[in-house]
Amino acid sequence: MNSPVFLPLAFLVKPFASFTSAFGPNGISNPVSGPSTGGGSTCISGDITLSINTPGIKLRYEAPQDQMAVTESFVELFQVDSIFGADVTEGGPSVISGDYGIFVKLCLPSDPEVFSYSYVDVASAAGYATLSYDQLGVGNSDHPDPIQAVQATAQVAVTHALVGLLRNAELGGYRFDKVVGVGHSAGSTLTQGITTQFPQDFNAVILSGSSTSAASVPLTMAAFNLINANTDPAPQFQHLPAGFLTQQSAAGIQFAFYRQPNFDENAFRQQVAHKQANTLGVLLTLGGIC
């Protein structure tokens, strides 16, 4: 799946003995079927529409229109004794409501002998189905207002809705009675938000890239040198309005996530080539969901 600045959630769902021909596009529009990256799973991907109605925050912040404004926002946010975040989030409560298209990929085991650098195929080899998806505002999912709509509570609401579809046999024609939430980095924070707000959703959770300390966040964000995504030459960003941000350089991605020589350079190049966008709407509201 496409990876934003912060990696998204995925789900592990109950073990499967084998792939079955009953697997179909139930609940998924514009479905595309095929093997997973490594060939160990059979997958169906496409769009679903989720109706979201969740509390948000009326952020007192306008999307930065140029690079100086983007950079200054992070200077203000992360300087010593900053009150920027508190000021911006004093706008009072709001409601994030709408029908949003979310891109999903549901994979079932088909060949447990296949090995690849794919989390999907590793799960498949252990007999698990997986659902991965592009977060709201990321990849092939809808990109609503990056400040007032793409907030952390909206991401939690999307995940909660997806779990409901899985448990009610509304995706792929299967009813899943056990669902495990898997999160990395900010995805771990979102997973914890689910366990706090909807404790019945997950039977278990797996958190990685997670810490009780946020001490490294300012340095990481500085290393990213975030820019308005529509100023990046990558074609997938050209249609995005100001306020969707992405990392400017490969060096920033390496600084934040990779320590030489302890990483696969091909994996690094893949992340750089497929980088995605995130928003200050998420960053400014992430701490309030747990």
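## Legends to the close-up views

**View 1. K105 stands opposite S132, which belongs to strand β5.** The model shown is predicted, so that local features are given only at pLDDT of at least 70 and side-chain atom pairs only at pLDDT 80 or more, while totals for chains, interfaces and linings use all residues. Residues are numbered from 1 along each chain as its sequence is written, and side-chain values rest on heavy atoms, without hydrogens or water. Strand β5 covers residues 128-133 and is joined to β4 by 4 bridges, the two strands running antiparallel. Strand β4 (residues 93-109) also runs antiparallel to strand β3 (residues 41-57), to which 17 bridges join it. Within this pairing, C43 has C107 of β4 as its bridge partner. Strands (E, at least two residues) and helices (H or I, at least four) are DSSP runs numbered from the N terminus, and two strands pair if DSSP finds at least two bridges between them. Strands of a sheet pair through backbone hydrogen bonds, in either a parallel or an antiparallel sense.

**View 2. Strands β8, β9 and β10 form, in that order, an open sheet of 3 strands with antiparallel pairing.** The edge strands, each of which pairs on one side only, are β8 (226-228) and β10 (278-279). Between β8 and strand β9 (residues 244-247) the antiparallel pairing extends over 3 bridges, and L226 has Q247 of β9 as its bridge partner.

**View 3. The second largest pocket has a volume of about 960 Å³.** Its lining is made up of 27 residues, of which T189, S213, A214, V217 and L286 are the closest to the centre of the pocket. Two or more lining residues come from each of the elements α1 (67-78), α5 (186-197), α6 (217-224), α7 (250-257) and α9 (280-285), and among the elements α6 gives the most, with 4 residues. By residue type the lining of this pocket divides into 14 nonpolar and 13 polar residues, with no charged ones; here Ala, Val, Leu, Ile, Met, Phe, Trp, Tyr, Cys and Pro count as nonpolar, Asp, Glu, Lys and Arg as charged, and the others, Gly among them, as polar. A pocket is an open set of points on a 1 Å grid over the protein atoms alone, where a 1.4 Å probe fits, with protein on both sides within 12 Å along at least five of seven lines, and lining residues have an atom within 4 Å of a point. Grid points are joined across faces, edges and corners, and the volume is the space filled by probe spheres set on them.

**View 4. The rings of Y61 and F84 form an edge-to-face pair, with their centres 6.0 Å apart and their planes at 90°.** Rings of Phe, Tyr and Trp (its six-membered ring) pair if their centres lie within 6.5 Å, and planes under 30 degrees apart count as stacked, over 60 as edge-to-face and the rest as tilted; by this rule the count comes to 7 aromatic pairs. Because Y61 lies in the loop between β3 and α1 while F84 lies in helix α2 (residues 84-88), the pair ties together parts that are 23 residues apart in sequence. Y61 is buried, with a relative accessible area of 11%, and F84 is buried at 16%, where buried means under 20%, exposed over 50% and partly exposed in between (1.4 Å probe, protein chains only).

**View 5. Ring pairs link Y258, F263 and F268 into a cluster.** The ring centres of Y258 and F263 are 4.9 Å apart and their planes stand at 65°, so this pair is edge-to-face. Y258 counts as buried, at 17% relative accessibility.

**View 6. The side chains of S36 and D121 are joined by a polar contact of 2.5 Å.** A polar contact is a pair of N or O atoms within 3.5 Å; within protein, one must be able to donate a hydrogen and the other to accept it, and residues adjacent in sequence count only if both atoms are side-chain atoms. S36, in the loop between β2 (29-35) and β3, counts as buried at 7% relative accessibility. S124 is placed in helix α3 (residues 119-125) and counts as buried at 2% relative accessibility; a polar atom of the S124 side chain lies 2.8 Å from the backbone oxygen of G40.

**View 7. The peptide bond from Q260 to P261 is cis, with omega near 5°.** P261 lies in the loop between α7 and α8 (265-273). N30, in strand β2, has a positive phi near 50° although it is a residue other than glycine, and counts as exposed at 58% relative accessibility. Most residues other than glycine have a negative phi, and most peptide bonds are trans.
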